Amino acid sequence: MAKITAAEVNKLRQQTGAGMMDCKKALTQAEGDFDKAIEIIREKGMAIAKKRSDREASEGIVFSKATEDGKKGFIISLNCETDFVAKNDDFKNLGEKILDLALEKQPKDLDELKKLELEGMSVDDQIVEQTAVIGEKLQLSYYDCLEAPKVLSYIHMDNKLATLVGLNEADVDDQVGKNIAMQIAAMQPVAIDKDGVPEDIQEKELEIGRKQAQAEGKPENIIDKIAQGKLGKFMKENTLLNQEYIKDSKKTVQQYLQEQKDSLTVTDFKRYSLKG
């Protein structure tokens, strides 16, 4: 039987993140073969992942970041089963590495991100390996990106919510973009303006307005007018540029932006929350 040294155990631990005893067992089982020991730890992760595949991974962390030139932004969500694991440094580090990889390689979708190489193996395999280390179901569940002349990101302090906002002008103070990103996080707009609200949502709101007016006994000949008024209120409250600006309710978001620069507006935004 090969003699397993503490240095070898520590090296395997550094490379895989697995616990000392798991590393020692893997090296012993592999008879000192380092690569085989890594494979044993990975297989353990796959077994745990399969065993826990039906578990709900509803906790985790949402990460977002813009590229150094400020022209692209990315959001990912790395999920786990418990909030305890979500606060684990190894879990956070894995999420940050995946986000940095996304910034570097800029994959087109989630599947492509999962296949990218991260420290000698695919992102998918890294997640499986960490499943063995942590002992919970881990899942990379969300990835999206945004491109604009200027992109800013915001992560809510509990790391369960992140936003990206794209502005049409590059020569704008970063704080302006961050303020709008915070607005998106807090107020959950469904679109930039009324033109971006899907037809089915508008029809649904009109129908709700009609039913409310009928329930209140309003005359039939004014029900459609009342429903249109309620739709207008919905548009004001749920389209970003028409919302009251959270830092000054006397102005709209659009007015705030135009105070900075007449032509300034939002081109796109992304918002993702673990809590829906």
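Cysteine 80 counts as buried, at 0% relative accessibility; here buried means under 20% relative accessible area, exposed means over 50%, and partly exposed is in between (1.4 Å probe, protein chains only). Cysteine 23 is buried too, again with a relative accessible area of 0%. This is a predicted model, in which local features need pLDDT of at least 70 and side-chain atom pairs count only at pLDDT 80 or more, while totals for chains, interfaces and linings use all residues. Residues are numbered from 1 along each chain as its sequence is written, and side-chain values use heavy atoms, with hydrogens and water left out.

So what about disulfides? A disulfide is a covalent bond between the sulfur atoms of two cysteines. In practice, the search looked for a pair of cysteine sulfur atoms within 2.5 Å. Run over the whole structure, that search turns up zero disulfides.

Now for the overall picture. The protein has eleven helices and ten strands, where helices (H or I, at least four residues) and strands (E, at least two) are DSSP runs, numbered from the N terminus. Its C-alpha trace spans about 90 × 45 × 30 Å along the principal axes. The radius of gyration is 25 Å, whereas a compact globule of 276 residues would have one near 19 Å. That radius is taken over C-alpha atoms, and the globule rule is 2.2 Å times the number of residues to the power 0.38.

Of the 276 residues in the protein, 45% are buried. The accessible surface comes to about 15200 Å², and carbon and sulfur atoms hold 46% of that; the areas come from the Shrake-Rupley method with a 1.4 Å probe, and for residues only the protein chains shown count as cover. Contacts are worth a look as well, a contact being heavy atoms within 4.5 Å. Take the contacts between residues at least 6 apart in sequence: 62% of them join residues at least 24 apart.

As for charge, there are 42 positive and 51 negative side chains, and the centres of the two sets lie 4 Å apart. Lys and Arg count as positive and Asp and Glu as negative, with His and the chain ends not counted. Each charge is placed at NZ of Lys, CZ of Arg, CG of Asp or CD of Glu.

Most residues other than glycine have a negative phi, and most peptide bonds are trans.

Valine 85 belongs to helix H4 (residues 83–86) and is buried, with a relative accessible area of 6%. Setting aside neighbours within four places in sequence, valine 85 is in contact with Cys80, Phe91, Ile134 and Glu136. Valine 85 and glycine 120 are 35 residues apart along the chain, and their C-alpha atoms are separated by 24 Å.

Glutamine 202, in helix H9 (residues 199–215), is buried as well, with a relative accessible area of 17%. Not counting residues up to four places away in sequence, glutamine 202 touches Lys194, Val197, Leu231 and Met235.

What about residues in between? Aspartate 100, in helix H5 (residues 89–105), counts as partly exposed at 37% relative accessibility. From aspartate 100 to methionine 157 it is 57 residues in sequence and 20 Å in space, C-alpha to C-alpha. Glutamine 188 lies in the loop between helix H8 (174–187) and H9, and at 44% relative accessibility glutamine 188 counts as partly exposed. Leaving out residues up to four places away in sequence, glutamine 188 touches Gln183 and Arg271. Glutamine 188 and alanine 57 are 131 residues apart in sequence, with 23 Å between them in space, C-alpha to C-alpha.
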